[in-house]
Amino acid sequence: MMLVLELEYLSGVSYAAIGPDSAVSDWPPQPDRVFSALVATWDAHGQRDDESAALAWLERLPPPLLVERGALERTSPIVFVPPNDPRSSRSRHARGVLPALRRRQPRRFPASRPLDPVLRFVWPDAMPEPAVLMALMELARDTSYVGHSSSLTRCRFMLEKEVPDLSSGKTPELRVYPGRFEELREAYTRFEQSMNGSDRPQKGAPVTRPPTPSPERMSQFADRWLILDHVGGTMPDVRACALVAKTIRDALLAGYQRIGLGDQIPEVISGHESGGAATRLPHIAIIPLSFVGFAHADGHVMGFGIVPPEDGILLQDQDFRRVLRKLAPMDEERGRRIFTVTTKEGTPSDQAFSIQLSPSFEAERQSLDPALYVARARTFATVTPIALDRHLKERGAARQSEIETQVAAACRHIGLPEPEAVVADKYSAIEGTASAYPPGNSPKWMRWHTPQSLASRQLTHALIRFPALVDGPVILGAGRFLGLGLCRPLDPER
């Protein structure tokens with residue numbers, strides 16, 4: 001069974017803007033916008049306790065799949081309308097309160113016409129208690145618009161065994177996170193208490209979120225890892241870490257084949273569903289553990305870490321341990337298991353390698369210690385550059401802003417709070433790291449080497465500050481499962 005929120009635009013048009021002065025419509029509607037509409041209905045219902053519990057349960061779910069067919073953008077010319085609040089009129093006379101006599105203000109009403117007025121948010125395997133489901137259904141039933149009040153909607157929650165076209169579902173750009181319900185309540189309270197309307201969205205002002213309390217954990221990844229200590233062979237430069245990580249992952253997939261479970265490889269390892277589509281579930285990241293952040297650090301890779309999703313149960317899985325024993329037989333002379341990782345035959349000589357790694361759950365050297373990455377902090381800096389999710393379109397100063405906006409979006413995408421500051425740069429704030437891109441005419445080895453799927457991605461280092469404490473590890477961007485976008489918490493005293 002799966003939880004589905006069905007949303008239908010009754011007029012066939014969605015009126016919603018990305019920001020107060022945006023000329024672009026916000027399509028498709030993000031879960032946060034729909035969640036805000038449900039909270040508004042909760043208030044209209046009298047702030048019932050059962051509905052409060054249902055909204056608190058809903059905000060803790062992972063991001064849903066969004067199933068929709070796209071939309072056509074409508075033009076949004078500037079129109080001049082009287083303000084809703086008579087006090088905003090500049091007229092010195094009492095007649096200024098009359099709508100026909102008020103000063104007109106420029107407004108835009110961005111809109112989209114969906115190709116299918118019905119869209120769905122799907123939470124696979126989410127199974128609410130009957131009381132929670134009933135409260136959600138009552139909230140949805142009375143949610144008459146999403147976005148602008150002219151976007152009339154019909155909403156309903158339901159449990160379904162199958163939803164048409166689920167394979168076309170995609171992960172939304174903005175998600176609802178634990179604490180969002182309380183944020184909305186506090187924001188509305190501040191607005192009601194404001195005597196001068198200062199809490200109203202102002203034209204040209206950035207859309208920000210107030211600081212959120214940190215939950216018990218706010219990371220997609222676990223804090224206990226499998227360490228692969230480099231014990232033999234020539235380790236490639238850190239700029240090839242994504243290629244090494246992909247080779248390690250391919251070796252793990254082959255390990256399941258070798259123990260006769262080739263058709264039962266879990267999604268947490270392969271990153272793909274049984275039908276071949278990319279999984280929507282969190283899966284392992286394979287990250288380089290390099291000598292950085294210390295005096296005289298030179299950035300050389302000392303090993304790799306296999307980082308499971310936040311529940312960490314993969315490391316206890318018996319089939320996974322069978323694969324490790326098969327791939328890493330015991331070396332009696334060294335008294336440890338050795339996992340030999342070798343590139344495929346035919347790999348270009350400048351990308352070929354054969355290295356020996358020793359798996360362990362305990363780090364023997366400080367640079368291999370996960371504690372360097374899993375600490376709770378507000379400020380993080382990249383050790384390996386972030387591979388941006390989208391191609392850049394801007395030039396000059398606007399390009400820098402576009403990069404930093406994408407870094408912030410990468411944080412939201414994995415469930416972290418909106419950063420209060422992002423600084424993108426060619427260089428990292430961590431000593432010993434390699435630059436995101438070399439100067440012109442540099443030798444080929446100074447460039448980052450990535451798999452074909454990431455070859456066209458823009459790379460950038462970043463310094464990120466969150467409004468509240470965040471649990472590591474923080475791994476961001478399109479290459480996060482192959483070791484790119486790895487961040488390290490910064491000690492504020494240093």
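**View A. Helix H9 is followed by Gly415, whose phi is positive, near 90°.** This is a predicted model, in which local features need pLDDT of at least 70 and side-chain atom pairs count only at pLDDT 80 or more, while totals for chains, interfaces and linings use all residues. Residues are numbered from 1 along each chain as its sequence is written, and side-chain values use heavy atoms, with hydrogens and water left out. Helices (DSSP runs of H or I, at least four residues) and strands (runs of E, at least two) are numbered from the N terminus. Helix H9, residues 397–413, has 17 residues and reaches 25 Å from its first C-alpha to its last, close to the 24 Å expected at 1.5 Å a residue; the expected span is 1.5 Å times one less than the number of residues. Among the buried residues of H9 are Glu402, Ile403, Gln406, Val407 and Ala410, where buried means under 20% relative accessible area, exposed means over 50%, and partly exposed lies in between (1.4 Å probe, protein chains only). The cover over these buried residues includes strand S18 (386–387), strand S19 (421–425) and strand S20 (459–471).

**View B. Helix H3, residues 130–141, has buried residues along its length, among them Val132, Leu136 and Ala140.** H3 has 12 residues and spans 16 Å from its first C-alpha to its last, close to the 16 Å expected at 1.5 Å a residue. Leu133, Ala135, Glu138 and Leu139 are also among the buried residues of H3, and what covers the buried residues includes strand S1 (2–9), helix H1 (31–44), helix H2 (49–59) and strand S9 (153–160). An α-helix has 3.6 residues a turn, so residues three or four places apart point the same way.

**View C. The largest nonpolar core has 41 residues.** A nonpolar core is a set of buried Ala, Val, Leu, Ile, Met, Phe, Trp, Tyr and Cys residues joined through side-chain atoms within 4.5 Å. Those with the most contacts inside this core are Ile248, Leu252, Phe304, Phe320 and Phe339. At least two core residues come from each of several elements, including strand S10 (226–232), helix H5 (241–258), strand S12 (301–307), helix H7 (318–327), strand S15 (339–342) and strand S16 (354–360), and H5 gives the most, with eight residues. A second, separate core of 33 residues includes Tyr9, Phe35, Cys155 and Val176. In soluble globular proteins, nonpolar side chains tend to be buried together.

**View D. Five strands form an open sheet in the order S11-S12-S10-S16-S15, with antiparallel pairing.** Strand S11 (285–290) and S15 stand at the edges, each with a single partner strand, so one side of each is left without a neighbour in the sheet. Neighbouring strands of this sheet are turned by 35° against each other on average, direction ignored; the strand axes are lines fitted to C-alpha atoms, and angles run from 0 to 180 degrees between N-to-C directions. S15 and S16 pair in the antiparallel sense over four bridges, where two strands count as paired if DSSP finds at least two bridges between them. Phe339 stands opposite Leu357 in S16. Leaving out residues up to four places away in sequence, Phe339 touches, among others, Leu228, Ile248, Ala251, Ile355 and Leu357, where a contact means heavy atoms within 4.5 Å.

View E. Apart from neighbours within four places in sequence, Ser219 is in contact with Glu310, Asp471, Gly472 and Pro473. The C-alpha atoms of Ser219 and Ile414, which are 195 residues apart along the chain, are separated by 7.5 Å. Gly472 and Pro473 are joined by a cis peptide bond, with omega about 5°, and Pro473 lies in the loop between S20 and strand S21 (487–489).

View F. Leaving aside neighbours within four places in sequence, its contacts are Ser435, Ala436, Tyr437, Pro438, Pro439 and His461. Lys426 and Tyr437 are 11 residues apart in sequence and 6.6 Å apart in space, C-alpha to C-alpha.

**View G. Gln47 has a positive phi, near 55°, and His296 has a positive phi, near 65°.** Most residues other than glycine have a negative phi, and most peptide bonds are trans. Gln47 is in the loop between H1 and H2 and is partly exposed, with a relative accessible area of 37%. His296 is in the loop between S11 and S12 and is exposed, with a relative accessible area of 73%.
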